[in-house]
Amino acid sequence: MFYRIKAIKPIDNYKLLVTFFNDEIKEYNVDIWFDKNYDFKVLSNTTGLF
């Protein structure tokens with residue numbers, strides 16, 4: 001099953017607030033990916049993103 005994303009909003013402490021088309025809202029912590037993936041580490045240093 002695929003979940004269709006309606007909106008993504010970055011919030012404090014490297015978390016994303018994701019709203020799906022079924023109006024379900026989930027919070028995802030992405031800071032664990034910064035050490036595992038170089039592309040994510042670059043995002044952690046992007047001013048104003050989080």
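**View 1. Strands β2 and β3 pair in the antiparallel sense over 5 bridges.** This is a predicted model, in which local features need pLDDT of at least 70 and side-chain atom pairs count only at pLDDT 80 or more, while totals for chains, interfaces and linings use all residues. Residues are numbered from 1 along each chain as its sequence is written, and side-chain values use heavy atoms, with hydrogens and water left out. Two strands are said to pair if DSSP finds at least two bridges between them; strands (E, at least two residues) and helices (H or I, at least four) are DSSP runs, numbered from the N terminus. Within this pair, Leu 17 stands opposite Glu 27 in β3. The hairpin of β2 and β3 has 4 residues between the strands, and Asp 23 there takes a positive phi near 70°.

**View 2. Strand β1 (residues 5-11) is joined to strand β2 (residues 15-20) by 6 bridges, and the two run antiparallel.** Pro 10 stands opposite Leu 16 in β2, and Ile 11 has Lys 15 as its bridge partner in β2. These strands form a hairpin with 3 residues between them, and in its turn Asn 13 has a positive phi of about 60°.

**View 3. The three strands make an open sheet in the order β1-β2-β3, with antiparallel pairing.** Because β1 and β3 stand at the edges and each has a single partner strand, one side of each is left without a neighbour in the sheet. Neighbouring strands of this sheet are turned by 20° against each other on average, direction ignored; the axes used for such angles are lines fitted to C-alpha atoms, and angles run from 0 to 180 degrees between N-to-C directions. As a general point, the side chains in a regular strand alternate between the two faces of the sheet.

**View 4. Ser 44 lies in helix α1, which spans residues 38-44.** Ser 44 is buried, with a relative accessible area of 17%, where buried means under 20%, exposed means over 50%, and partly exposed lies in between (1.4 Å probe, protein chains only). Leaving aside neighbours within four places in sequence, Ser 44 is in contact (heavy atoms within 4.5 Å) with Tyr 14 and Phe 34.

**View 5. Trp 33 is found in the loop between β3 (25-29) and α1.** Trp 33 is partly exposed, with a relative accessible area of 41%. The C-alpha atoms of Trp 33 and Ser 44, which are 11 residues apart along the chain, are separated by 9.7 Å.
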